Amino acid sequence: MPSETALVDGVRAGSVLRPPGQDGVAAALRAAARDRLTVVATGARTKLDWGCPPSRVDLLVDLSAMDSVIEHVAGDLVVRVQPGVRLSDLAAALAPAGQRLAVDEVVPGSTVGGVVSTALAGPSRLLYGTIRDLLIGITVVRADGVVTRSGGKVVKNVAGYDLGKLYAGAFGTLGVITEAIFRLHPLPEAAEWVSADLADEAAAGAAVAAVLDSQVMASALEISRPSPEGPITVTVLLEGVAPGVRARSATVSALLGQGAVSGDQAPAWWARLPGPVTLKLTAEIAAVPGLLRRLAQAAARADVAPDLRGSAGVGVLFAGLPAHTHPAAAGRFVVAARAHCRDAGGAAVLLRAPATVRATVDAWGPVAGLALMRRVKDELDPDHRMAPGRFVGGI
Amino acid sequence: MPAQAAQAAQALADRLRPLLDPGAVLTDRQQLRTYECDGLAQFRVTPALVVFPRTTEQGQAVVRACIEEGVPYVARGSGTGLSGGALPHADGVLIVTAQMRAIHEVDVANQRAVVDPGVINLHVTRAATPHGYYYAPDPSSQQVCSIGGNVAENSGGAHCLKYGFTVNHVTGCEVVTPDGEIVQMGGKAVDPPGYDLLGAFVGSEGTLGITTRVTLRLLRLPETVQTLLAGFASTDHAGAAVSAIIGAGVVPAAVEMMDALAIEAAEAAVACGYPAEAGAVLIVELDGPAAEVEHTFAAVQQHCRDHGAFEIRVAADAAERALFWKGRKSAFAAVGRISPDYIVQDGVIPRTALPEVLRRIAALSGERGVRVANVFHAGDGNLHPLVLFDDAVEGQGEQAEEVSGAILDLCIEYGGSITGEHGVGSDKAKYMPRMFTDDDLDTMQMLRCAFDPAGLSNPGKIFPTPRLCGEVPGRRKEAHPLTRAGQADAF
């Protein structure tokens, strides 16, 4: 095995296991429980360096061999998959039936398990929600090796706690996902992106508000501002039947104002994270324009050049800092951005950064309900062996 | 109530009176009996105390007092739940949120409303409509059910096929947790860092705490709504039409089906004017931008005709649409016109299994001589079989109960669920082991232990057997310390 595959965000794994199926994962986790080994799971390794590095990795469970689409019932718009399936492969498997899992492949190569564990979402969250909204059933091997399930194969189901919500975005700290069931959506007949470049935060904010307050039912409403003081591109995605999309596209063009252009191709920055240092910033929707202004000021003060983009229509932005950014400057920007996000009703999380930057600042920031979260962790993983240290508050 | 429990209840009442508004503590037996059941009247328990907090702080004070006295408590909104989720505990406190009914904010710019738990579902939409917005989840009881109850049960409604359930429309909850703390889960912004406690809390049926303030997503009203009512010879034909519509990539706002017996009942009750000779009717509703709906609606009508619809009526205006819906939304109560008693089920099956399952329900009904009327959300396979019986006739109640259970078994056999939107509550806890393994249920109860180790918040619901927190599974040797101390019961 090449040595780099045993590295988890700079931490060397004691051993790596690539189980062929759920039974193998369960056996590995039972053994790990017996020997008190710490465990990290991975799929395509695309987000292993997110959050904080684990404090120790005795066993790395590589789920890439568990890459089957187990069951796709087109008539029920439901699919059951193993965690190692790549989003792109899943999309290819569903397309012949005219269906899709309505999540964006924000990080190329991502697997289903990784997207669930990081709750990573892209532009289409405006209309379809995030992976937690699409996940209807989940099987997880608990820290003690016990295989457990919640939810099921039907979209409408309120029997028992919906533990899928808890596992989604838990960064692998509550168990290893071995199966997931999702509700699907039909592929739209037509799609069109309508974009306009706007001079400043106020103009962009007004355009975003106008689209939100219209009845065009956009699938996505994104902004992009590659340089902090520069113009802001507002882009709206419309999906539906061809004549409907044409008519709605005209409506949106009018809302965005002069210079709006439309086409059937997404802009290059669409559904991609800026980086390589990446922050996730949230705010109340109406506070986004103000946040953009203050982020520009904070960038100038910290002497950094963030590339900003994200789902302005739901109040989620991502800021990317160039690789050469001085760690102390990046840290100052995170601290300032965090204060501004808090004032805007949201939070700032440092998703991905070199160790030099993380050394200067807490990646997760303050978390409401942390005491309760620790109790949840204590119940499901009492020995704190699952991805220890990767998550909020050192969980 | 045993004398000791009665004494404890009296002591608790004396303690709570100064903390709450005048008249907010009920101890009179007659008054208490008003609250002995929710919308599922088969289960009745008179609570020891009923209290009406008006503020978060009062709610917290009640919970803290219950914790200190080791007394179980149950939250109740409007009491419309259909699974006995708000069934009181005989020695416990029933916390009724009816006095907490302020709509604090309709924040149009942020597409949010901030409301008290006692606010009526429909009132949120009423407050938002003048601004061009609405609150999407619309359970049939929306004129009376409360947002707090909706949060507890993760309520759905006819339109959840397209728009999802309560959990998809709540962005924040202020919660009095079972340790007496106030925890803010989420808010107006999305994606708070950390575990998605809010996602787990919504739908936990009051077992993880009591919400005292809720932040809801508001949606922009659709530009157009089109609704049709189609009559078919049989549920098979209507089911085939639904398959064709879904198969064509249409996501209707709602697809509802009623069979002949349900139509007969609705007609008798509200004279909704459904095609009298129909073996099944479908209500299909599309909403969205006019340019989309116009095109798709024509296609939907064609699918209905292709699969044998002998009559299609298109609602000309909001009044006619309301009439189409009136028959459907009043179906449960309407069954009272054709049968003295009935059981409402809430099982779910994969939609594609619909024709087969309906045939088996019909066979079951024939074999046992128990009439079953079918009303369901055909788009997502959520069945609401109404099992009819006359309690005055010896043995009919038991027979109906058996048929009802057999229908749930069918749902599980086809890979579905025992409840799509009514919740497990007291009613279906016994069926949970048919759907989940002991390990599955044990894992769910670990979450419960994280929130409520003493098991005081709505005990006895969801889980057929409680997990005593801190125990090692399979190694129970002696009674849990809390049981020994009389602070917890093994329900």
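Predicted model: local features only at pLDDT ≥ 70, side-chain atom pairs only at ≥ 80, totals over all residues.
Student: Where does A:Ser219 lie in chain A?

Tutor: Start by placing a residue among the helices and strands. A:Ser219 sits in the loop that runs from helix H7 (201-212) to strand E14 (220-225) of chain A.

Student: Is A:Ser219 buried or exposed?

Tutor: A residue counts as buried when its relative accessible area is under 20%. A:Ser219 has a relative accessibility of 1%, so it is buried.

Student: Which residues does A:Ser219 touch, leaving out those up to four places away in sequence?

Tutor: Its contacts are A:Pro123, A:Ser124, A:Leu126, A:Leu127, A:Tyr128, A:Leu237 and A:Glu239. With A:Glu239 there is a polar contact, side chain to side chain, at 2.6 Å.

Student: How many bridges link E18(A) to E19(A)?

Tutor: Five bridges link E18(A) to strand E19 (residues 316-321) of chain A, and this pairing is antiparallel. Here A:Arg309 stands opposite A:Phe318 of E19(A).

Student: What do E18(A) and E19(A) form?

Tutor: They form a hairpin, with four residues between the two strands. In the turn, A:Gly315 has a positive phi of about 85°. As for cover, five of the five residues of E18(A), which spans residues 307-311, are buried.

Student: Now chain B. How many residues has helix H13, and how far does it reach?

Tutor: Helix H13 (residues 354-368) of chain B has 15 residues. From first C-alpha to last it reaches 21 Å, close to the 21 Å expected at 1.5 Å a residue.

Student: Which residues of H13(B) are buried?

Tutor: An α-helix has 3.6 residues a turn, so residues three or four places apart point the same way. In H13(B) the buried ones are B:Leu354, B:Val357, B:Leu358, B:Ile361, B:Leu364 and B:Ser365. Viewed down the axis of H13(B), the buried residues lie within an arc of 120°, so they line one face of the helix. The face turned away from that side carries the exposed residues B:Gly366 and B:Glu367.

Student: What do the buried residues of H13(B) pack against?

Tutor: They pack against elements of chain B, including helix H8 (235-247), strand E13 (254-259) and helix H14 (396-413). Just past the end of H13(B), B:Gly369 adopts a positive phi of about 65°.

Definitions and conventions: Residues numbered from 1 in each chain as written. Chains lettered and ligands numbered in written order. Heavy atoms only, no water. Buried < 20%, exposed > 50% of the residue type's maximum accessible area, 1.4 Å probe, protein only. Polar contact = N/O pair within 3.5 Å; in protein donor to acceptor, adjacent residues only side chain to side chain. Contact = heavy atoms within 4.5 Å. Pairing = 2+ DSSP bridges. Expected span 1.5 Å × (residues − 1). Arc of directions from axis to C-beta.
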